[in-house]
Each structure stands twice: as structure tokens, then as C-alpha cells.
Amino acid sequence: MSIHRYARTARHVAGRAICAAALAGGAFTIAAVGGATPAGAAVCTAAGSTGLTAAMIATNGQTITGATVNATGCDIGIYVGSAVNGVTVTGTTVTGAGSEGIVAEDNTGLTVTGSTISANGFAANANIPDGHALMLDGVVGAHITNNTISNNNDGGIGLADNGPVDPGAPNPGPGTAVAATGNTISGNMLSGNTGGCGIIVEAWNPGGGINTSTVQNNTVTGTVGKFGPNGPDIGQIVVADDAPGASVTNTTVDGNTVTQSFVTGITLHANAPHDVISNTTITNNTLSFNNWGDANAAPSTTAIALIVNRFPGALAASISATSISGNTITNQVVAIWIQGAFTTTVGANSITLPPGGTAVYNVPPPGVGYWMAGSDGGVFSFGDSVYYGSAPGLGLKLAQPIVAMAPSRDRGGYWELGA
């Protein structure tokens, strides 16, 4: 059997795979004394009404400093519940939680800084729809800065709205949708996190959504070609809608370094009907060797992708008013991949491509037409289908006659199949 592919550019095809007792009282500080806490399973306490357990329950205005939280046997390491505001976690280590290292929901003013969150998520609660090592649901004004988040099995940092769908805890969440607004994720180091994205900003609840988020100066690092017992290090930074009618607006993704992610380095993805992603700024990022798993976007290594899933007109999703500039992109076959997004502004970027690479690729919209192939590999296009070449035109001598053809994944070419 022989397969021939014709496309507007040559494309490289990479390997494919695709809990300590509850704390009571008012505002006070917990400081580490004499090093780490004793080894062994934690004392698990109910984490509010989530149905989960936690090693530590934060209280209003509390500062947790220099603690070592061994959350073995619990679902969560530190839980910051609804209306528990002004909590600070600094210089703290959280390990061993079955699902998530830190979970915060429906509160304001959380700060997590200079802390280490690792080795969590290896006994995940199956009822959590989308947990992460550090999970923020429906929070306002959180600052997640200068942390090391590594070797977890539920991804890295998740920022979401809250409501009937609570991504960080079993459904259902609050009956009324709660937006996540004015949050900052900055200066964090993320690596070795399997089972989920490095950093994801995602909306799930109509009427909730995410607004005015900053993802800045983070380093997200994977390893090309490496698969462990829990899969590859997914990596990447994602802005996404994951349920019908969800919205993410006014997001800044600036100054991050994303390398060797299994999927595209920075991705905007409108997944469901009526989803909206708008006013996203992608600037001054450094991207290299991403989408080595051919996991999304182009069927080759890709730095930045804007992806709108296709739905009938009345149900259409959208990505609009995206600005992409000042980024440094190397060792990628496709720099910027755009599928279905509109009003995208691509400014000056430093892009270094291999021979046959593509700086900006706009996926052709679906049209009315078709191709036919002759047994000699000749291709005939009808309607508004585009002709990309044929076997005779390339001077190819076929070992077997052509018996079938199909469009390429990027709709920028087609494959011909020999008998």
C-alpha cells in the first residue's frame, strides 16, 4: 500500500501518542517548627460541602507560612472554601493529595506564593470533572506567584468559573454561576505534570465566565518524546470554553516561556456551541518544540493555535479580537495556526522556521465542493474545492493504482491511497 499527500506546504509529521487537622479560629499564622511534619497519612477533614476531604482547612484572613502539608490519604492538601477571604499561603510544601494540592472556590484575595506543590493527583477522585494541582474556581483577585508546581498527575494550575459545573470538586457546584475575575498567575515554574495542562483558564458555566485574567512570566517545560507510566507531560497554556454558552474575556498571556509541550504551546479553544473567547492578548512569549505529539492544531509542531469547533450557524462558537505580537518562536513547523477565529491581529513576531515551515496558517473554511482522483493519481476539483496538485503533475511513478483519497487534517491538502 502506498500513501501520497499533497499540500500547500511541506509538513513534518512528528511521533504520535495524542488533608493535618482542621484549623479553627480567626486570622493567624502557621509557621513551620522543626522542619517537616511527621510522615504518614494525614488526618482528613471534610472540605466544606464538596464531598472531598482535605489535610488543612484555611480560615478567613489566615496566613500559612513555611508549612509542610503531607496530604496522603486525603483528596486535597489545603482547602480555601467559599467566602474564606484574604488567605495567604507562602513558602509551603504540599504533597501526596489524592487529587489536588490546593483548592480555592468562591472567595477573594487569595495569595499563593513561593510554595512547592508536587506529587499530587495520583489517587484522583473520579467525581472531579477537571482537577489540577492548584485549582481556583470562581475566585476574585487571586495572585498565584513564584511557585514550583511539578510532577503532579492532574496538570498544573487551573483557573475556572464556578456554578452547576464545579471543575475542582464533584458536581453539582453552586446553583448560581460565579465568575472568576481579576486573577493573576505569574512567575511560576511548571514541569513534569501529566494528566492535564500546565496552565489552563477555562469557563464552564453560562452566566459565570472568566474576565480579566493575567498569565505572565511563567515557565512551562515538557520533554520531547518522553512518556511515563501516566503519559506525557502535557504542558501548554490554554484559554478555553468547555461547555455551551461559556465565555472567557480580556485575557493577557505575556512573557511566558513554553517549551516541549505535548500539545500546542499556547492554545485558545472554543469547544462548544455559543462559546465566546474575546479580547485575548498573546505577547512577548518564547515558544519552542511544542505540539511534538501532533495532539492538536497542525499535524506537526505548532507554537500558537486558535481553534473554533464548527457548529451550525445558530450555534456558532467564536474566538475574536485576538492580538499576537512580540513572540519569539523557534523549532516549530507552524508558528501560528488559526481555525475559525476572526478579527485576529498578527503583529511583528520573531519567527524562525525550518524549510517548508509556515508562519501563519489559516485553515480553509468548509465549502461546497469535492475532489475526485483518477487511478493514475490525477486530481480533479469541483465547486469551491482547491486544487493542490497531483501525482502526474509531480512526476510520480506509482507502484499501484490510486483507489481512494481524503482531505488532510488541516484541510490544506489531501491524501491519495494506492492499492
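Quick housekeeping. What you see is a predicted model, where local features need pLDDT of at least 70 and side-chain atom pairs count only at pLDDT 80 or more, while totals for chains, interfaces and linings use all residues. Residues are numbered from 1 along each chain as its sequence is written, and side-chain values use heavy atoms, with hydrogens and water left out.

So what is the chain built from? It has 1 helix and 39 strands. Here helices (H or I, at least four residues) and strands (E, at least two) are DSSP runs, numbered from the N terminus.

On to the sheets. Strands of a sheet pair through backbone hydrogen bonds, either parallel or antiparallel. For us, two strands pair if DSSP finds at least two bridges between them. Leu159 has Val201 as its bridge partner in S20.

There's also an open sheet of 10 strands, S6-S9-S12-S15-S19-S22-S25-S28-S31-S34, and its pairing is parallel. Its edge strands are S6 (68-70) and S34 (350-351), each pairing on one side only. S31 (residues 328-330) and S34 pair over 2 bridges, with Thr328 opposite Ser350 in S34.

Now, the inside. How many of the residues count as buried? Of 419 in the chain, it's 52%. Buried means under 20% relative accessible area, exposed means over 50%, and partly exposed is in between (1.4 Å probe, protein chains only). A nonpolar core is a set of buried Ala, Val, Leu, Ile, Met, Phe, Trp, Tyr and Cys residues joined through side-chain atoms within 4.5 Å. The largest one has 63 residues, and Ile78, Leu110, Leu134 and Ile304 have the most contacts inside it. Strand S29 (residues 302-308) gives the largest share, 4 residues. Apart from that core lies another of 12 residues, among them Leu52 and Met135.

Let's zoom in on Leu134. Leaving aside neighbours within four places in sequence, its contacts (heavy atoms within 4.5 Å) include Ile102, Val112, Ile144 and Ile157.

Most residues other than glycine have a negative phi, and most peptide bonds are trans. But Asn171 and Pro172 are joined by a cis peptide bond, with omega about -5°. Pro172 is in the loop between S16 and strand S17 (180-181). Thr212, not a glycine, has a positive phi of about 60°; it lies in strand S21 (residues 210-216). Gln260 also has a positive phi of about 60°, and it's found in the loop between S25 (257-259) and S26 (266-270). Gln260 counts as partly exposed because its relative accessibility is 24%.

Last stop: Tyr370. Buried or exposed, or in between? At 45% relative accessibility, Tyr370 counts as partly exposed. Tyr370 lies in strand S36.
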